[in-house]
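Me: I would like to learn how to read a few features of a structure. Please take them one at a time.

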Amino acid sequence: MIVRTLQEAEKTERRVVTQNWESVRLLLKSDGMGFSLHVTTVYPGTVTPMWYRHHLEAVFCIAGEGEVETVEGARVYPVKPGTLYALDQHDKHILRAKTRMRVLCVFNPPLKGKEVHDQAGAYPLDAEEIED
Ligand code: 9YT
């Protein structure tokens, strides 16, 4: 069994910080679960275009408010505590955070640890694995 806390994990390399968001990666590929699980904080006022070409991602909002827009189809969905969105079609999308948002994210295939978005808003499949 794996037991860890957010408080412990955020003091390690599992915490990845970018300009628009930070992500504490509680489960990674090296944990052998077949998915990765992250607690992501999206900074208020940010606009983040993303396109997970190589991954499927589900996002569940725990706190804060924003909206997610599909690039193809141009639909805008409000995101607030209790909202789930799942990028089951590798959908290109834009996340706009009105306030500081905290979301739970699951990736399949699992992330390895150090991934940050490339210019297209995707994560590569060959990122470096982190060691505990
Ligand atoms: C909501 C979202 O996708 N934000 C980008 C960060 C990503 N969730 C991650 O790496 O944890």
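**Cysteines, core and salt bridges**

Reply: Cys61 is buried, at a relative accessible area of 1%; buried means under 20%, exposed over 50%, and partly exposed in between (1.4 Å probe, protein chains only). This is a predicted model, where local features need pLDDT of at least 70 and side-chain atom pairs count only at pLDDT 80 or more, while totals for chains, interfaces and linings use all residues. Residues are numbered from 1 along each chain as its sequence is written, and side-chain values use heavy atoms, with hydrogens and water left out.

Me: How many disulfides does a search of the whole structure find?

Reply: A disulfide is a covalent bond between the sulfur atoms of two cysteines. The criterion here is a pair of cysteine sulfur atoms within 2.5 Å, and the search of the whole structure gives 0. For Cys61 the nearest cysteine sulfur belongs to Cys105, 10.0 Å away. Cys105 is also buried, at 3% relative accessibility.

Me: Which residues have the most contacts inside the largest nonpolar core?

Reply: In soluble globular proteins, nonpolar side chains tend to be buried together. A nonpolar core is a set of buried Ala, Val, Leu, Ile, Met, Phe, Trp, Tyr and Cys residues joined through side-chain atoms within 4.5 Å. The largest one has 21 residues, and Tyr85, Met101 and Val103 have the most contacts inside it. Strand 5, strand 9 (93-97) and strand 10 (101-108) each give two or more residues to this core; strands (E, at least two residues) and helices (H or I, at least four) are DSSP runs, numbered from the N terminus. Strand 10 provides the largest share, 4 residues.

Me: How many salt bridges are counted?

Reply: A salt bridge is a side-chain nitrogen of Lys or Arg within 4 Å of a carboxyl oxygen of Asp or Glu. By this rule there are 8. One of them joins Lys114 to Glu13, with the closest N and O atoms 2.6 Å apart. Lys114 lies in the segment after strand 10 and Glu13 in the loop between helix 1 (6-9) and strand 1 (15-17), so the pair ties together parts 101 residues apart in sequence. Lys114 is partly exposed at 34%, and Glu13 is partly exposed at 41%.

Me: Where do Arg96 and Glu67 lie in the chain?

Reply: Their side chains meet in a salt bridge (3.0 Å, N to O). Arg96 is in strand 9 and Glu67 in strand 6, 29 residues apart. Arg96 is partly exposed, at 25% relative accessibility.
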